[in-house]
Amino acid sequence: MPRPRLCRRLISDPSVTFYKPQGIPLNLLKVIELTHEEWEALRLKHTEDLDQIQSAKKMNTSQSTLQRILSSAHKKIGQAVVNGFAIRISK
């Protein structure tokens, strides 16, 4: 039986939950799902300019878990930008 998932502290909600390339109808785009915790990790690390240790403490998680969350978010955003996909931030 897998270990139960810990509750992560998510401080703020995104004001915008959808991004898409300009000029392409949404029904023609593939959508990549970015989780709320991936969005929060990106916000803390890149917008608040916190280091990884401080970001992990604010999210109530370990540094290695935060790194996995950030890696997943970077991969998804990279795919969306390079391939012209839409990004949806889910809760």
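In the predicted model examined here, helix 1 and helix 2 pack at an angle of about 135°, and their axes lie 9 Å apart. The two helices are therefore oblique to each other. The crossing in which helix 1 passes helix 2 is right-handed.

On the side of helix 1, this contact is formed by E37, E40, A41, L44 and K45, which meet Q52, S55, K58 and M59 of helix 2. By residue class, the contact comprises four charged, three nonpolar and two polar residues. An α-helix has 3.6 residues a turn, so residues three or four places apart point the same way.

Helix 1 itself covers residues 36–47. At 1.5 Å a residue, its twelve residues should span 16 Å, and the C-alpha atoms at its ends are 15 Å apart, in agreement with that expectation. Just after the helix, D49 adopts a positive phi of about 55°.

With burial taken as under 20% relative accessible area, nine of the twelve residues of helix 1 are buried, so the helix is largely enclosed by the rest of the structure. The buried residues are H36, E37, E38, W39, E40, A41, L42, R43 and L44. Their packing partners are strand 2 (31–35), helix 2 (52–59), helix 3 (63–83) and strand 3 (86–90). Among the buried residues, E37, E40, A41 and L44 also belong to the contact with helix 2.

Key:
Residues are numbered from 1 along each chain as its sequence is written. This is a predicted model: local features need pLDDT of at least 70, side-chain atom pairs count only at pLDDT 80 or more; totals for chains, interfaces and linings use all residues. Side-chain values use heavy atoms; hydrogens and water are left out. Helices (H or I, at least four residues) and strands (E, at least two) are DSSP runs, numbered from the N terminus. The expected span of a helix is 1.5 Å times one less than its number of residues. Buried means under 20% relative accessible area, exposed over 50%, partly exposed in between (1.4 Å probe, protein chains only). Contact means heavy atoms within 4.5 Å. Axes are lines fitted to C-alpha atoms, for helices over the stretch in contact, and angles run from 0 to 180 degrees between N-to-C directions. Angles under 35 degrees count as roughly parallel, over 145 as roughly antiparallel, 65 to 115 as roughly perpendicular and the rest as oblique. A crossing is left-handed if the near helix is turned anticlockwise from the far one by less than a right angle, and right-handed if clockwise. Ala, Val, Leu, Ile, Met, Phe, Trp, Tyr, Cys and Pro count as nonpolar, Asp, Glu, Lys and Arg as charged, and the others, Gly among them, as polar.
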